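Please open the model in a viewer and keep the selection panel at hand. The tour below moves from one selection to the next.

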Amino acid sequence: MAKQFDVVVIGAGPGGYIAAIRAAQLGMSVACIDAWTSADGKPAPGGTCTNVGCIPSKALLQSSEHFEQANHHFAEHGIEVKGVSLKLDKLVGRKDTVVKQNNDGILYLFKKNKVTFFHGTGSFVAHVDGGWSIKVSGTTEEDLVAKHVVIATGSAPRALPGLPFDETQVLSNDGALRIPAVPKKLGVIGAGVIGLELGSVWRRLGAEVTILEAMPEFLAVADQQVAKEAQKALVKQGLVIQTGVKIGEVKSTTKSVTVPYTDAAGAEHKLVVDKLIVSIGRVPHVDGLGVDTVGLKRDERGFIVVDDDCKTNLPNVWAVGDVVRGPMLAHKAEEEGVAVAERIAGQHGHVNFATIPSVIYTSPEIAWVGKNEQQLKTEGRDYKAGSFPFMANGRARALGDTTGFVKILADAKTDEVLGVHIIGPMASELISEAVTIMEFRGAAEDIARICHAHPTLSEAVKEAALAVDKRTLNF
């Protein structure tokens, strides 16, 4: 006999496990189905983010940053270090430990909040009395019936046409996180978040890294003033970055990968590397979900079609995260997961897409929220801009990291903050102040009049707000 639930969530990534927990907190009976499996065959909830995305990449970034500091920057602080060596297996092992701790944490939260977890693949069977029939296929098979279904199956890496990932020579984000030895030469196709972050990790550990980007501009999605500063800083660190390239037919052998490409000037080149990371975007993951069986509507790019409330074309079927429209960000998925759980409970869930921040965890970090300057110009919006460099910030000097600046864009008449763009130390943390101000439709003056502790990096945010009105305190 099928097990009955108020809500069944398919997928235990950031959108799925958050939706399941919130629905359970609101008094509903909830099941969550997830197929991720660890190397030892155990359940590994957390999706791409926890297993092969946000969490492991940040662990490697942190470890590689320590290695970089010990080799090149400790001497500035009067710390002499000799004979620094890399134990890559231990470095990667630490990453694996961090991932497992997060997997176990999610399982604990399920148990604490009385969410029933099923390890396997969830798929639609039919619309039945009482809701939707869902089949769980795994080590054991289960039949479930749910009044509501939340699809949170995430995304998968996009491969180059004719060049599948083998995760040995041609790597997705998954393989790039577990290269067994530091390659002498590493190629990266795509200068997005994944390409820049993982390229930075292996560059710090000793690889010669070349990044090839098809777009004519570096980081076209970011404010171009920030993008230019980022490119300058990353090139200075040793990354080779080529934009406006056209990739030819890539050839892979057991020992190397050859990437023919034409540069922006039309000259032909041939890049030969030991390993190649392909990071050209991600596609919605619906394999095995049974979407065609029940007539779930998808758009021309494969994303599940939803309305503003994350409702699909099927009654009481919802979808959140990477599998639907909008930015493929873990925190966006979390916000949608909470909102959907609350909507199912009859409440008014809230997601403001205008205040979802974006972060790239390179060094320097890059973060932004809201509109950038090129977007405001395209819209014909009358705006004011103010910026402040970390070079003039006391805490940044003490840290020994003064690269970058804070830039604030505000409406010329109302002073409402329209966008904030940060490149520099701890940009990922500083951007939250901007998100808060923008969520309440605050003004640049509001930031300027808030007391910021001294000395802190956040004073650069205050100074940028003052600069919007051509003022400064110069802490």
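Is Cys49 buried or exposed? With a relative accessibility of 14%, Cys49 counts as buried, where buried means under 20% relative accessible area, exposed over 50% and partly exposed in between (1.4 Å probe, protein chains only). This is a predicted model, in which local features need pLDDT of at least 70 and side-chain atom pairs count only at pLDDT 80 or more, while totals for chains, interfaces and linings use all residues. Residues are numbered from 1 along each chain as its sequence is written, and side-chain values use heavy atoms, with hydrogens and water left out.

A disulfide is a pair of cysteine sulfur atoms within 2.5 Å, and the search of the whole structure finds zero. Cys54 is partly exposed, at 32% relative accessible area.

Next, select Leu196, Trp202, Ile211, Phe218, Leu219 and Ile366. These residues have the most contacts inside the largest nonpolar core, which has 37 residues. Such a core is a set of buried Ala, Val, Leu, Ile, Met, Phe, Trp, Tyr and Cys residues joined through side-chain atoms within 4.5 Å. Among the elements that each supply at least two of its residues are helix H3 (54–72), helix H6 (193–204) and strand E19 (365–370); helices (H or I, at least four residues) and strands (E, at least two) are DSSP runs, numbered from the N terminus. A second, separate core of 29 residues includes Val420 and Ile437.

Now display E19, in which five of six residues are buried. Two strands pair if DSSP finds at least two bridges between them. E19 pairs in the antiparallel sense with strand E18 (residues 358–360) over three bridges, and a hairpin of four residues joins the two. Ile366 of E19 is the bridge partner of Ile360. E19 also pairs with strand E22 (residues 417–424), again antiparallel, over six bridges; there Val369 stands opposite Val420.

Finally, select Glu65, Gln69, Ser363, Pro364 and Asp401. Of the 34 residues that line the second largest pocket, these are the closest to its centre. On a 1 Å grid over the protein atoms alone, a pocket is an open set of points where a 1.4 Å probe fits, with protein on both sides within 12 Å along at least five of seven lines; lining residues have an atom within 4 Å of a point. The largest share of this lining, seven residues, comes from H3.
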